[in-house]
Amino acid sequence: MRFKTSIRNIQTFSRLTTSLSSLGKVAWVRLDDDSARFTIIPETGTQVWASISIDSIFEDYTIQSAAPNNTINLELPLPPLNRALRSALNASSASIRLTKKDGAPVLSLTIITNTISSGNSANGFLNNSGSGSGNQDPFGDNAFREENLDGGRDREAIVTQDIPVRVLQADSVEGIHEPKVREPDAYIVLPSLIQLKAISDRFTRLTATSTSNSTSKASPKLELAANMHGGLKLRVETDALNIESVWTGLTNPDLDPGQVEGGLEELPSARLKARGPDAWARVRIDGRDWGKVLSVGRMDGRVIACFADENALILYVYLSNYDDGEEHSVLTYYISSFSV
Amino acid sequence: MAILNFTLGPESFSKLHDALVCLGKFSEAISIEASHDKLVLTALNTSKSAYASFKLTGNKFFSKYQFKPPTSGTQAKDKFYCKIYNKALLSVFKGRGFDPTREKDTAIEKCEISVEDGEGKKSRFVVKIVCRHGVIKTYRLTFESVAPMHAFFDRAIARNSWSISSRTLREFVEHFGSGTEQLDIYSEDGRVSLTSYTEKIMSGSEILKQPLRTTIAIDTLEFAEFSVEEQLHIVISVKDFKSIITHAGITNTIVKALYSRPQCPMQLTYSDEGMTSEFILMTTGEVRGLSQAPTPNASRAGSKRPVTRQPLEAKSNSEMPPPPASAAPSRVREDANKRAPRPSPPPPQPSIQANELFMSQNDEDRRWDPVNDDDDETMLLWDTGEVDNNPMTMNSSRNPNQSQSINGPPVNDGGDSDANLIPTQRLPPTQRLSEVKGIFD
């Protein structure tokens, strides 16, 4: 079993793992020839299934496995991965490989950084020549290296970060499937996530404070609704308050007819559209969980929300690819709706 | 009249705060020792494996420094010492640092500290902070009259040394994640590697909770000076190291490290205007008994060994260097069995807890207890030696004068003025705690 790759886009990778880690600490990672899939299935709350095209974050990617389809399955803790990638943010290059250290499997991240050693090189030169580490030969290797240095050569530090992982057998992950959701009633492109998050978080906090003395200690619930005429509503209602934010003029993307079985007009979304702008598909979601989901905004993707009325909300976050190849990277969030 | 009076300018004030923060990472209490020309702040951690000290030069660090030795009976003491709960001091100094960018209204102009002690007087450590607009804040803290315990570092045997810019070092340390325990320092072929790791062995899904293991490989030219035995693994506590480097990195200075071999202390020093910082850390790591003459105990035990003994094991035993003062038999045995040359990365080390700068008397007996009945010989080996006569001390080159000085005259009977020369103030490591107490009683 072999896996080795350079990281082409450290920042994107780091943002991805940060977004994912807000929902769960351990990810199931499935690597194969075409994609890297990160899955988070927390005990409660939103599931994420992220499928990242290899080219968007990696290059010089090699994988070799005895498992079917050349697949490697790993269980990967996200906080150490995040911490490790933080070391790489200013790196000149970074690569990752699956290996064993002291008998335990690790993902080893090798980072090459150029060190800032202002004034230190001069120090090194003067002190070294004085103290002499046994090498008194003025024509030895050491003398030449020091001279080079004084001329301002860049020096690099190689940082290796070993992240513990568990290698999973193919059949142990066979039973894990992406959730199945019925045909959604509404599709809509979400407005700027930073705006949506600011408003959502504010609503959540307001609800939390206004219901603090009431019977329900549960996390505040937000009501999110969309129609097929470019409208999105975010609403909270408690005994004390009732607030609503409405967006209009958003886009309801067209479905690709080729991907739909039967006629487009048969779909629930077509029926909702026919009922006009006052017909809404509604979900009730957990405010805190929603806040974590929206942290994916840092990925700067295009987000399409699919509403299955009173049932579930699915977010598709499409990432713009490095070289806009055929393969797309998409993060899918499955958010269930709470009943009233 | 106060025994001790000193005044801090705004800059020294914030430097003192930084030092207190650093000391706070080692111990809850700090010891203060004043003499006519300097003030020494020290802290020793609870497991006595790390010692921190800041020496503040009287006329350089302070804008005014005055020490009036207290008189006990007819004789004047030449030193004053006390112990203060660090949190109390920190809360006085906190957030009042000198910061030219901050609002000027709350800025401090100077800080006057005086210590009152003596018969018929309340013993108080008085901090008077003079702020702008004539605001004066006075804090009166209580203290305990306890002599500090100093760790001793023998420079003579420390043949490994390196020094490096504190800023560069801080940059490296920032790569270390949280949760690791040990830091291994190793050099080979002009490359130095610093590895932060933990020895905890986890299994099952727990393995994912294993902290990040970080190795930083750098050229020795990164160092201002580097003169270290090749392929020597030396292991210290990564937490202590981080605490030190965090403080050292505040100013752009040169950190110098001195050490001899694993299981002997390492000294880290750096200085800033008027302030000398010194840290002594216990080290662990693989001991290679290269230059060590076999100790009498070990060789005696070795000769008693049956000839049928496996050669490898016998060899490693005769090579066995002095163990740490408080090493448990299990540890020694493990080391002996593991002494095969290992490549980097370092092998997991047994628990660090046994390594202290001082010996603790209480659980010493327990430490000598057998851990494993199967290996009687190792037990015999260690049980034959009288601990007191055991030459296997952490500070093996301790000279007779020093050890004699343990039982020397108590410090308050008068003595020299320089702490570096006063044997009574310098306790070589590996003394029994009871002896330490005895001096000052």
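This is a predicted model: local features need pLDDT of at least 70, side-chain atom pairs count only at pLDDT 80 or more; totals for chains, interfaces and linings use all residues.
User: What is the phi of A:Glu310?
Analyst: Most residues other than glycine have a negative phi. A:Glu310 is not a glycine, yet its phi is positive. The value is about 60 degrees.

User: Is A:Glu310 buried, exposed or partly exposed?
Analyst: Burial takes 20 or more other C-beta atoms within 10 Å, and exposure 12 or fewer. A:Glu310 has 14, so it falls in between. A:Glu310 is partly exposed.

User: Is B:Gln263 buried or exposed?
Analyst: B:Gln263 is in the loop between β18 (254-259) and β19 (266-272) of chain B. Its phi is positive, near 75 degrees. It has 24 other C-beta atoms within 10 Å, and the cut-off for burial is 20 or more. B:Gln263 is therefore buried.

User: How are α1(A) and α3(A) oriented, roughly parallel or roughly antiparallel?
Analyst: The axes of helix α1 (residues 10-21) and helix α3 (residues 78-88) of chain A come within 9 Å. They cross at roughly 155 degrees. Angles over 145 count as roughly antiparallel. So α1(A) is to α3(A) roughly antiparallel.

User: How many charged residues are in the contact of α1(A) with α3(A)?
Analyst: On the α1(A) side, the residues include A:Ile10, A:Phe13 and A:Thr17. They meet α3(A) residues, among them A:Leu78, A:Leu81 and A:Asn82. The contact divides into eight nonpolar and five polar residues.

Methods. Residues are numbered from 1 along each chain as its sequence is written. Chains are lettered from A and ligands numbered from 1 in the order in which they are written. Axes are lines fitted to C-alpha atoms, for helices over the stretch in contact, and angles run from 0 to 180 degrees between N-to-C directions. Helices (H or I, at least four residues) and strands (E, at least two) are DSSP runs, numbered from the N terminus. Angles under 35 degrees count as roughly parallel, over 145 as roughly antiparallel, 65 to 115 as roughly perpendicular and the rest as oblique. Two residues are in contact if their C-beta atoms, placed from the backbone, lie within 7 Å. Ala, Val, Leu, Ile, Met, Phe, Trp, Tyr, Cys and Pro count as nonpolar, Asp, Glu, Lys and Arg as charged, and the others, Gly among them, as polar.
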